[in-house]
Amino acid sequence: MANLQYSSELLDEVLFRSGEPTDGTSDFEASALRLLNRAYKGIWSGGAELDPNVHETWWWLRSTAEGTITVLPRQTGTATVNNNSTTVTLAAAQTPTIQNYRIKFADIADVFLVPTHTAGGTAVVLDSVYTDATGSKTWEAFLTDYALPSDLLSLTGPLRIARDGVDEIKLLGESEFQRLYPMRNLDWGTPTAFCFVAERTIRFNKAGRQNDDEYVRVDFSYTDTPSDLTDSGTQEPVVPLQYRYILSDWATAMLFADKDDDRAAYFFQSARGGIAAMAKEHRRRLGRSGRDFGRIATRYNPVLRNELRTASGIVLE
């Protein structure tokens, strides 16, 4: 079946090795494509489903494009608030919109979410009733939550930033983040930490710059979520060509298992061997990067090395 470059070739390989026709008449063709995609997802998601010793963030999944977030500045103003009401009236029309912003009012610790506001309007709806006395209050609004790309599978490193001496924004678990940065302490500034609040949504501990024309750029690298395979003569899986046979072996094994054919065990074993080899090559590739790549490490010889030591024997480099 050619060299398994395209998804249609992989599908035909699965059918052929399972004793099925490849001309579109097989009753198992739809099942074979479904199992091929299950194998594909099992590999690009890390490989642990096939081999528990393999759980990789594959280098070949890395997006060719950098991800970017623009952290928006805070917004401020005055508003009329009403006790036990979700309706707030801004003193002046607000542009841009503060929909999905967190809003804080003077002299009250509670922080509210704004689910509804139209740019250029004065009507604001809070996510819960206002809990303090009716009156006129100054307010600050901050956008804390940002969506990551819809095809993001995982981040491959820290978020990068170049502002106020901050180079990286550290990732924290949500419970630790909430403990260190409770919403009542939310303030403007350059973010230094973030957490995931949904699969592809993150929250910063600082909510942008003070002035309404100051924006902050954040960069990040990530791995893509691949699209499903189809019976196509032009679609290529993102798995490197030399390892695409793993897809065929694994899907064939599952199809044989559906047929109660004892040849399934052989193909499962072949697929496991393939993914272990791919993981080993992946780790070797990553290990060859960095400052020591291509460097010859000489064997340590204490006779040839004149070491400086302290009185207690500690080596001074």
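**Close-up views of a predicted model**

Both Phe105 and Phe112 are buried (buried means under 20% relative accessible area, exposed over 50% and partly exposed in between, with a 1.4 Å probe and protein chains only). This is a predicted model, in which local features need pLDDT of at least 70 and side-chain atom pairs count only at pLDDT 80 or more, while totals for chains, interfaces and linings use all residues. Residues are numbered from 1 along each chain as its sequence is written, and side-chain values use heavy atoms, with hydrogens and water left out.

**View 1. Phe105, Phe112 and Tyr130 form one aromatic cluster.** A search of the whole structure finds 10 aromatic pairs (rings of Phe, Tyr and Trp, the last by its six-membered ring, pair if their centres lie within 6.5 Å; planes under 30 degrees apart count as stacked, over 60 as edge-to-face and the rest as tilted). For Phe105 and Phe112, the ring centres are 6.1 Å apart and the planes meet at 65°, so this pair is edge-to-face.

**View 2. Here are two charges over rings: Lys259 over Phe28 and Arg285 over Trp59.** A charge sits over a ring if NZ of Lys or CZ of Arg is within 6 Å of the ring centre and within 35 degrees of the ring normal. The charged end of Lys259 is 4.7 Å from the centre of the Phe28 ring. Arg285 lies over the face of Trp59, at 3.8 Å from the ring centre.

**View 3. The largest nonpolar core has 34 residues.** Such a core is a set of buried Ala, Val, Leu, Ile, Met, Phe, Trp, Tyr and Cys residues joined through side-chain atoms within 4.5 Å. Ile69, Ile103, Phe105, Leu126, Leu159 and Phe204 touch the most other members. Strand E15 (residues 216–220) gives the most to this core, with three residues; strands (E, at least two residues) and helices (H or I, at least four) are DSSP runs, numbered from the N terminus. Apart from this core lies another, of 30 residues, among them Leu36, Ile43, Val54 and Val239.

**View 4. Asp145 is found in strand E9 (residues 145–147).** With 25% relative accessibility, Asp145 counts as partly exposed. The Asp145 side chain makes polar contacts with the side chains of Thr144 (2.9 Å) and Arg203 (2.6 Å). A polar contact is a pair of N or O atoms within 3.5 Å; within protein, one must be able to donate a hydrogen and the other to accept it, and residues adjacent in sequence count only if both atoms are side-chain atoms.
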